Amino acid sequence: MSVLTRDEAQTRAKLLDVHRYTVDLDLTTGDETFDSRTVIRFTTRTDAGTFVEVKPAQLRSATLDGQPLDPETLDGNRLPLKNLTAGEHELRIEAAMRYSRTGEGMHRFTDPTDGETYLYTQLFMEDVQRVFAAFDQPDLKAVFELTVRAPETWTVLANGTTEHLGEGRWQAAPTPLISTYLVAVAAGPWHSVRTEHRDLPFGLHCRRSLAPHLDADADELFEITRQCYDRYHEKFEEPYPFDSYDQAFVPEFNAGAMENPGLVTFRDEFVYRSAVTDTERQTRAMVIAHEMAHMWFGDLVTLRWWDDIWLNESFAEYMGYQTLTEATRFTDTWTDFGVARKAWGYDADQRPSTHPVAPENVDDTASALLNFDGISYAKGASALRQLVAWLGEKDFLAGINTHIARHKFANATLADFIDSLASATERDVHAWADAWLRTTGVDTLGALITPGDEGTCTLRVEHTGSRPHRIAVGLYDQDITDEGRHLTLRERLDLDVPQTTPQPLGKRPALLLLNDGDLTYAKIRFDPESFEAVRTSLSGLPDPLTRAVVWNALRDAVRDGQLPPTAYLDTARTHLPHETDLALVQGVLAFAATHIVDRYLTPEQRPAALATLSSLCRDLIRRTEDGDNPGLRLIAVRHSIDVAAHPDTIAAWLADGTVPGGPELDPELRWRVLARLAVLGATDEAAIAAELDRDPSATGQEGAARCRAALPDEHAKAKAWEAMFGGDDLSNYLFVATAQGFWQPEQTDLVRQYVPRYYGDAVTVAARRGPAIADAAGRWAFPAHAVDPETLRLGEACLSDANPIPSLRRKLADQLDDLGRALRVRETEGES
């Protein structure tokens, strides 16, 4: 298959005006393929030739202006259209198209709970070609008219409102001008909850087997949707541009959600079957806010080419968090951003695969797909937050509204965006964009404190990097009382970096915290006195966002080899039992378990580290015995299960169906316990099968796959490996679940033989099954526990010699860089 290059897209955009697609899909033709009929009406400006993209199982016929085209001329995914004359044309294509099991194109899923089948599209980047023929590039917007034939008992959803015509036929209202990748269809026996807001139809949809869980949360979901909708209408002068707002929670979805106009699709893990924390509910609410922001920025105004994907994602990421904070009960969203998202950006930006927020060298769609990462989302959102701090929200929103007014129902570039912002301010936005959006890497800010007269001191910020920063500097004094050590904010100073002159501070503070409030994107280093205050008094800081900045600085120091991993664990053991913010508890425990215990410490150090985390979790469980903080207790129970070194306690929980004092073990906790027992060799196939009988849902199927792959048994490992790499039967979700179970640090000797096999098998399965499985193979199936020079050498040889497809190459490069970092961290831990 040929990927589309930017040059080809620009050439075709100069040639064509695409007016309308009339698409008819027949979803009743069997389990493997569906029928697709497409009529495209377009105009050519000059005499020339071009091509249309389609990826059929069988191309049955093609006619151009009534004249047949030879299906045999289809070259991969390109059907040539030769000798076009200037003027209007009509292209008709009929094909059989394959259903997907990997979340790409038209995904087909049969629910193991009740046997019902559901279909949905994910057409992002270039997967519309798996569903119907198209001039597939974002700047050839058109009107789309869809009709769908489906089984009689099904409901069909689309970008516009749909009407049942009888005999299983559905017609969707024509769309406004939208890009090909934003077309959406979802078909099946959906359970739907509907309402209206401001005369606009709102809908929530999920599988029938999830109906009770969606019903339980429908009021909350609609409330968040209404609150965000109303807040965006206060921010944006242009009203919501589509005829309805449906949100469909669909199975085996590869992303968190997709911003299809009028029909947003979400992974249906957001329909909670089991207990969740309030932070997880906040995350779901943020995704709702994020996708709704796309209705204006991404759907109404769309990037011209994929080098500006950050314009979609960074904007929606920033707006999602900010709008949630302003309009809903979730008022501490930026703390969660700092812990969960910003670290994602920092990590991505320090790897060899880093790129500017707004790269200039995205030459084709395969390269563009690699940029959906922590830089385009988290770093870009951080840059916009810094821009708002520097520009002021009033001027920022004025520039945004100018941009939307200039380019609605059309396409725009970074230059267009910056010009719109510049029209609203006298500041040099172009220079800001060059410094922030065209550069790579993370700046570092450190505090140089110089003593002065009579106990006073001054601050000069040591700045490694090239970007200007507007930051707040927190000065904290230490109080020691019978209740413990507290850090009290004396003053918060606004500071521009680089400085022109040193900043007077008055009396030396116990803690000087750069970037207090987390308004910029930079690594923070503590002076020695401030680090001592952090070590002894971190939990005494009054504001959770301030504590998030401190925890991120400690995390960065570990990753950079400046703080021993054991020192981070000691700090967590001291202060996390007193933490009140759920996002912070979850983020610190996750980093401690996944990175420090599993990667940064040696196998010899691991048992003591697991014991430390177990003890910490026991403290949190004891602290929540009164039932006042069920979210904190749930986090502690989950992590207590994950770090259990001995099976007796968690096996007793499973047998009793409850943790003493609560919570009762719901399906998520039962599968979590069983997976840990499998790792520890304290369960077997019979127990896994019995649990699957108890929970035969799709999530149960994934839990069973995870548990079976985790069994410390040669036959179980061989079977799991064959399922991942030998065949094509595993769906995307079952592949991930199997991979998650396979590699376990406790089973290093058992799986040692698979480490050298991994690279060749991953390259083969990625080439055979495509980008979604390539991403899963590179992310989840990589032997991350095998932190040794030989694993690194084998991986580097693979990148050099095996020519993996781009999505796998990117994942492997990132994993190997993380592996090299882990080796360096181990060296510094050994020297400490």
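1. Start with one residue pair. In strand E7, Glu-94 is the bridge partner of Ser-61. Strands E4 and E7 pair in the antiparallel sense over six bridges. Here, two strands pair if DSSP finds at least two bridges between them. Strands (E, at least two residues) and helices (H or I, at least four residues) are DSSP runs, numbered from the N terminus.

2. A word on the source. This is a predicted model, in which local features need pLDDT of at least 70, side-chain atom pairs count only at pLDDT 80 or more, and totals for chains, interfaces and linings use all residues. Residues are numbered from 1 along each chain as its sequence is written, and side-chain values use heavy atoms, with hydrogens and water left out.

3. E7 also pairs with strand E2. E2 covers residues 33–44 and E7 covers residues 87–98; the two are antiparallel over 12 bridges. Thr-44 has Gly-87 of E7 as its bridge partner. As background, strands of a sheet pair through backbone hydrogen bonds, either parallel or antiparallel.

4. Look next at an open sheet. Three strands form it in the order E25-E24-E27, with antiparallel pairing. E25 and E27 (511–514) stand at the edges with a single partner strand each, so one side of each has no neighbour in the sheet. On average, neighbouring strands are turned by 20° against each other, direction ignored. Strand E24 (residues 469–481) pairs with E25 over 13 bridges. Within that pairing, Ile-471 stands opposite Leu-495 in E25.

5. What lies across this sheet? Helix H12 (residues 544–559) lies across E24, E25 and E27. H12 runs at about 85° to E27. Axes are lines fitted to C-alpha atoms, for helices over the stretch in contact, and angles run from 0 to 180 degrees between N-to-C directions.

6. Two helices deserve a check. H20 (residues 698–710) and H22 (residues 732–742) pack at about 30°, with their axes 7 Å apart. H20 passes H22 in a right-handed crossing. That label applies if the near helix is turned clockwise from the far one by less than a right angle; anticlockwise makes it left-handed. On the H20 side, the contact includes Gln-701, Glu-702 and Ala-705. On the H22 side, Tyr-733, Leu-734 and Phe-742 are among the contact residues. Contact means heavy atoms within 4.5 Å. The contact residues divide into seven nonpolar, four polar and two charged. Ala, Val, Leu, Ile, Met, Phe, Trp, Tyr, Cys and Pro count as nonpolar, Asp, Glu, Lys and Arg as charged, and the others, Gly among them, as polar.

7. Now the cis peptide bonds. One joins Val-497 and Pro-498, with omega about 5°. Pro-498 sits in the loop between E25 (484–497) and E26 (503–507). Another joins Gly-662 and Pro-663, with omega about 5°. Pro-663 is in the loop between helix H17 (648–656) and helix H18 (667–679).

8. Asp-65 has phi near 55°, a positive value in a residue other than glycine. Asp-65 lies in the loop between E4 (58–64) and E5 (67–69). Glu-252 also has a positive phi, near 55°. Its loop runs between E17 (245–250) and E18 (257–258). Is Glu-252 buried or exposed? Glu-252 counts as buried, at 9% relative accessibility. Asp-65 counts as partly exposed, at 39%. Buried means under 20% relative accessible area, exposed over 50%, and partly exposed in between (1.4 Å probe, protein chains only).
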